[in-house]
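Open the structure and keep both chains in view. We will go through the helix packing, then the domains, then the contact between the chains.

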Amino acid sequence: MWIALVLVIILPFLIGIGLFLKSRLILQDVSLWELLFSSQWKPLSGKFGFFPFIVSSLWVTILSLLIAGPICLLTAIHLTQYADNWVLKIMHPVIDILAGIPSVIYGVWGTLVIVPLISNHIAPLFNTETSGYSILAGGIVLAVMIIPFVLNILIEVFRTVPIELTEASLSVGASKWQTIKFIHIRKAFPGIISAFGLGLSRSFGETIAVLMVVGNVAKIPRGVFEPGYPLPALIANNYGEMLSIPLYDSALMLAAFVLLIVVLIFNLASRVLIVRTERYR
Amino acid sequence: MRKMKRRTIIRTEEIFFRVIMFISSMIIAATLFLIIFSIFYKGLPSLSWDMVSQTPKGGFYFGKEGGILNAIVGSLYLAGGSTFLALVIGLPLALFMNIHLLSKTKWVNAIRFCLDLLWGIPSIVYGAFGFTLMIYFGLKTSLLAGIITVTLFILPIMVRAMDEVIKTIPIGLVEASYSLGSTKSETAYRIFFRQTVPGIVTAILLSFGRAIGDAASVLFTTGYTDHMPTSLLQPTATLPLAIFFQLSVPIREVQNRAYASAAILVFIILLISILSRIFARKFYKNQIK
């Protein structure tokens, strides 16, 4: 038991150290700053600039949160405050199943439904042409993937708003919606922010589904209809070739390391926020 | 007069938000049905007995004969092996957290915090880490490396899910057990374990579903092959990767097969979900409050 315990506690550090040691090789050659902000990606001639990938990652991640955030918030309020029994009976299994669907299935669905939808219907609305394999497709697929995750946390957060506050608000004559708007949302605000933070980190690290719909062109995307190439997709796509060039291998491990650090920071901040607010209650 | 107007504004606002809240819930439900429908709609026509009973033959990736039995079996081995391994490590840990460390709340919370952090790490990072481990120990891409990586990946999920169930056991039951003279281990395995078996089965099924569906962590570590897995040290095909590789082949028959494989995977996931629902219901029925 102690071994299992120690394993769990040191595993995050172990992963970090392992990846860092592998990526040290490239850090000796090129400075971290140059790697992160140069947009030259030519592995064969030893140029590794992560900037296009980082920008793509930011695009899809933020886009997915913009889509999923409002939907999750509204649904969470609906399910905790207003929903009839039959809605709850449908929605609970729906959320569970959505959470259980593997990412590769989301990817297949994205190529089947979202990609044609974008190229045939959405892009013409904005007078642009695209193959459909774009940042927008990645954002939508990611949004669907993080919805169950964010929604579950939000439901939990809204459930912990103390009933006394609600009663006090209702007894001084506020309507139900006013109570939600001024009491629940304000009280749950840190929780909402941390739920979104966890959602962000989840979609930042998502690999296969994004890889299948985002187009994978190593260029800085200038709009949502252009293809992008997020960091996880970069790692997954090049795993075969990298072994031949040590620097390449090291660069990809650095990408994984960056991914780990960003996700850990987001997680840490969100979790700390949740723990803090729970203590104050 | 003005008061009346204010009141109507408040009412309209509430009604407006209730409507869009309802719509957003329905969007989520509709999306799930759309996903399942579109996968089955595309996949079921190409699904045949050959698909699930044969390994890829020559020219499989040009649309010739064969099936994905190797990937199905590989996925089941991988998910089964890693779920078993995670259970062996995870169950004692979850019990330990809730029995031996019962009075050390700080420690338990620290462990939960760590587990939550681990849960948040993307599977591709586990994959990359597993890959570095593999190289370090001189292993090649193999079923064993895949099982180890996936175990690390699902361990936090499993322990947290079990922890949530075990947490619900009332302290009175523990005290009763101690007062009858049982030791901590006896309490752990006779009382806690028995009380929570359905909940633990749910946790196992949840982890199994995660393990069978994850592609990014096995991409580096398990490799891919057209043969049936016969030993732990061989590369092994997995369903998600089979779908992924078939879909990237620009030939219609092969892509249709990818959809059929996706339908099989969705079917497995739905089955797991229904099973875990049944067990969860049982848990709530037998629970001593």
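In this predicted model, helix 3 of chain B passes helix 8 of chain B in a right-handed crossing. Helix 3 spans residues 69-99 and helix 8 spans residues 184-213. Their axes come within 9 Å and cross at roughly 145°. Helix 3 of chain B brings a series of residues to this contact, including B:Ser75, B:Leu78, B:Ala79, B:Leu95 and B:Ile99. Helix 8 of chain B answers with residues among them B:Lys184, B:Phe192, B:Ile204, B:Phe208 and B:Ile212. By class, the contact of helix 3 with helix 8 of chain B holds 12 nonpolar, 6 polar and 1 charged residues.

Next, step back to the domains of chain B. The domain assignment gives domain 1 as 2-46 and domain 2 as 51-286. Each of the two domains of chain B puts 7 residues into their contact. On the domain 1 side of chain B, these are 4 nonpolar, 2 polar and 1 charged.

Now turn to the contact between the chains. Chain B gives 62 residues, and chain A gives 62 residues. Which helix of chain B supplies the largest share of the side that touches chain A? Helix 1 of chain B does, with 20 residues. Other elements that give two or more residues to this side include helix 4 (105-120), helix 9 (216-221), helix 10 (239-247) and helix 11 (252-286) of chain B. Helix 3 and helix 8 of chain B, the pair described above, are also on that list. The side of chain B that touches chain A divides into 45 nonpolar, 10 polar and 7 charged residues.

One helix pair shows this contact in detail. Helix 1 of chain A (residues 2-29) packs against helix 5 of chain B (residues 123-136). The angle is about 65°, and the axes lie 10 Å apart. The two helices are therefore roughly perpendicular to each other, since 65 to 115 degrees counts as such. Helix 1 of chain A passes helix 5 of chain B in a left-handed crossing. A:Ile15, A:Gly18, A:Leu19 and A:Lys22 meet B:Val125, B:Ala128, B:Phe129, B:Thr132 and B:Leu133.

Finally, consider confidence. Chain A has a mean pLDDT of 79, and 89% of its residues reach 70 or more. Among the elements of chain A, helix 6 (residues 135-159) has the highest mean pLDDT, 86. Helix 2 (residues 32-37) of chain A has the lowest, 68. Where pLDDT is low, predicted coordinates should not be read in detail.

Methods: Residues are numbered from 1 along each chain as its sequence is written. Chains are lettered from A and ligands numbered from 1 in the order in which they are written. This is a predicted model: local features need pLDDT of at least 70, side-chain atom pairs count only at pLDDT 80 or more; totals for chains, interfaces and linings use all residues. Axes are lines fitted to C-alpha atoms, for helices over the stretch in contact, and angles run from 0 to 180 degrees between N-to-C directions. Helices (H or I, at least four residues) and strands (E, at least two) are DSSP runs, numbered from the N terminus. Angles under 35 degrees count as roughly parallel, over 145 as roughly antiparallel, 65 to 115 as roughly perpendicular and the rest as oblique. A crossing is left-handed if the near helix is turned anticlockwise from the far one by less than a right angle, and right-handed if clockwise. pLDDT is the predictor's confidence in each residue, from 0 to 100. Ala, Val, Leu, Ile, Met, Phe, Trp, Tyr, Cys and Pro count as nonpolar, Asp, Glu, Lys and Arg as charged, and the others, Gly among them, as polar. Domain bounds come from an automatic or database domain assignment.
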